[in-house]
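This briefing goes through one structure step by step. Look at the chains first, then read the points grouped by topic.

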Amino acid sequence: MSDPVLIWSYLAQGPLLWLTATLLAYLAGDALSKATGRQSWANPVLIAVILLALLLMATGTDYATYFEGAQFVHFMLGPATVALALPLYDNLPRLRPAALPMLAGLVAGSGVAVVSALLIARAFGIDGTVLASLAPKSTTAPVAIGIAEKLGGQPTLTAALVLLTGIFGAIIVTPLLNAMRIRDWRARGLAVGVAAHGIGTARAFQVNATAGAFSGIGMGLNAVLTAVIAPLALRLLGG
Amino acid sequence: MIRMLAIILGFQLVGEVASRALGLPLPGPVLGLVLLALACILRPALAEAIRPTASGLLSHLSLFFVPAGVGIVAHWDLLRVQGLGLAVAIMGSTALALAAGAWAFSVVARLTGTEDRQALKDQGRE
């Protein structure tokens, strides 16, 4: 029989192990989410991330090694974003009459996301690089990183803050908007796309196709608007 | 399946090149999304052709965020330094933004008379 240490050192080198682990962790998270009837606290991304983080710690694997395997999954974010064109196309008849409400929801959600994040963080004495990294946290990761870099933020910190925002938004959207008695799927979807980008959009698709389509639109429009709002807000509030 | 994936990747590629060449604030995939939606409007047959592949990708949208999500752990020390302030800022501002966005949408929909009975949650249950 071969030495288990040799087998491990072989696996630790290639992408196979961590690619497989990522898929299995997601399947476990998705199964748990389904078993709870898609309860929002059982977020599949959150569960998979926790499982993988524990596994990385237990095996003493660093993130760079993990990402070598997981990058194939990460790459699929791009094509999946392009695929959002289909629900957008399907909902075109719904879109035109909703232009004004969408604009209102977008401006309110986007503005509040940036300004309130900066105000709260400043109240805790956060400034400089960290504040600049926080400003674009509600937009989709590639845009947020680009904005943060221009503002003097730190790209890796921004990516982590964006992900935490998405997971938190996806978890609270259902109970929060139920408590507010907002029943319009278009309003619910757009709001979660603006506040919690793609992870919020993934949650919206779990619940309702119209909400998913409006969430994808909210995410796309907010990427543009935050690029304009974040530098202005940081200049005014960055002190 | 492979052909449809090639089409979707092709739109992403065009979006990526256009975004960089023109210095647009939109990232390549988002521009690809817009272009693909326009192409579907011009040729409805395209929408039906890519439907199975696109739906397959979208039904597992959550999966694609997992590798980046694990990155939170890699930056744990960085996050812990100003952990409380960042946590309150993220949770507070995300909840406020969700509430503000959904509320503004609903109010303007009511004011402009553009409510959509088909798009109501728990339709007919009350």
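Which domains does the domain assignment of chain A give? It gives domain 1, covering residues 4-75, and domain 2, covering residues 82-237. The model shown here is a predicted one. The points below take up the domains, the contact between the chains, the nonpolar core and the annotated spans.

**Domains of chain A**

- The centres of domain 1 and domain 2 of chain A, taken over C-alpha atoms, are separated by 26 Å.
- Contact between these two domains of chain A involves six residues of domain 1 and nine residues of domain 2.
- On the domain 1 side of that contact in chain A, there are three nonpolar, two polar and one charged residues.

**Domains of chain B**

- Chain B is also divided, into domain 1 (1-60) and domain 2 (76-115).
- Taken over C-alpha atoms, the centres of domain 1 and domain 2 of chain B are 29 Å apart.

**Contact between chain A and chain B**

- Where the chains meet, 70 residues of chain B are in contact with 96 residues of chain A.
- Six helices of chain B each supply at least two residues of the side that touches chain A: H1 (2-22), H2 (28-42), H3 (44-59), H4 (66-74), H5 (76-81) and H6 (83-111).
- H6(B) gives the most to this side of chain B, with 24 residues.
- By class, the side of chain B that touches chain A has 51 nonpolar, 15 polar and four charged residues.

**The largest nonpolar core**

- The largest nonpolar core has 122 residues.
- Helix H11 of chain A, residues 155-179, provides the largest share of this core, with 15 residues.
- The residues with the most contacts inside the core are A:Ala83, A:Ala85 and A:Ala135 from chain A, and B:Val66, B:Leu98 and B:Phe105 from chain B.
- Leaving aside residues up to four places away in sequence, A:Ala83 touches B:Ile8, B:Ala54, B:Leu57 and B:Leu58.

**Annotated spans of chain A**

- An unreviewed UniProt entry annotates residues 6-29, 41-60, 72-89, 101-124, 157-177 and 213-234 of chain A as "transmembrane region".

Note on methods
Residues are numbered from 1 along each chain as its sequence is written. Chains are lettered from A and ligands numbered from 1 in the order in which they are written. This is a predicted model: local features need pLDDT of at least 70, side-chain atom pairs count only at pLDDT 80 or more; totals for chains, interfaces and linings use all residues. Domain bounds come from an automatic or database domain assignment. Two residues are in contact if their C-beta atoms, placed from the backbone, lie within 7 Å. Ala, Val, Leu, Ile, Met, Phe, Trp, Tyr, Cys and Pro count as nonpolar, Asp, Glu, Lys and Arg as charged, and the others, Gly among them, as polar. Helices (H or I, at least four residues) and strands (E, at least two) are DSSP runs, numbered from the N terminus. A nonpolar core is a set of buried Ala, Val, Leu, Ile, Met, Phe, Trp, Tyr and Cys residues joined through C-beta atoms within 7 Å. A residue is buried if 20 or more other C-beta atoms lie within 10 Å of its own, exposed if 12 or fewer, and partly exposed in between; C-beta atoms are placed from the backbone. UniProt positions are given in the numbering used here, feature names are shortened, and annotations may be inferred rather than shown by experiment.
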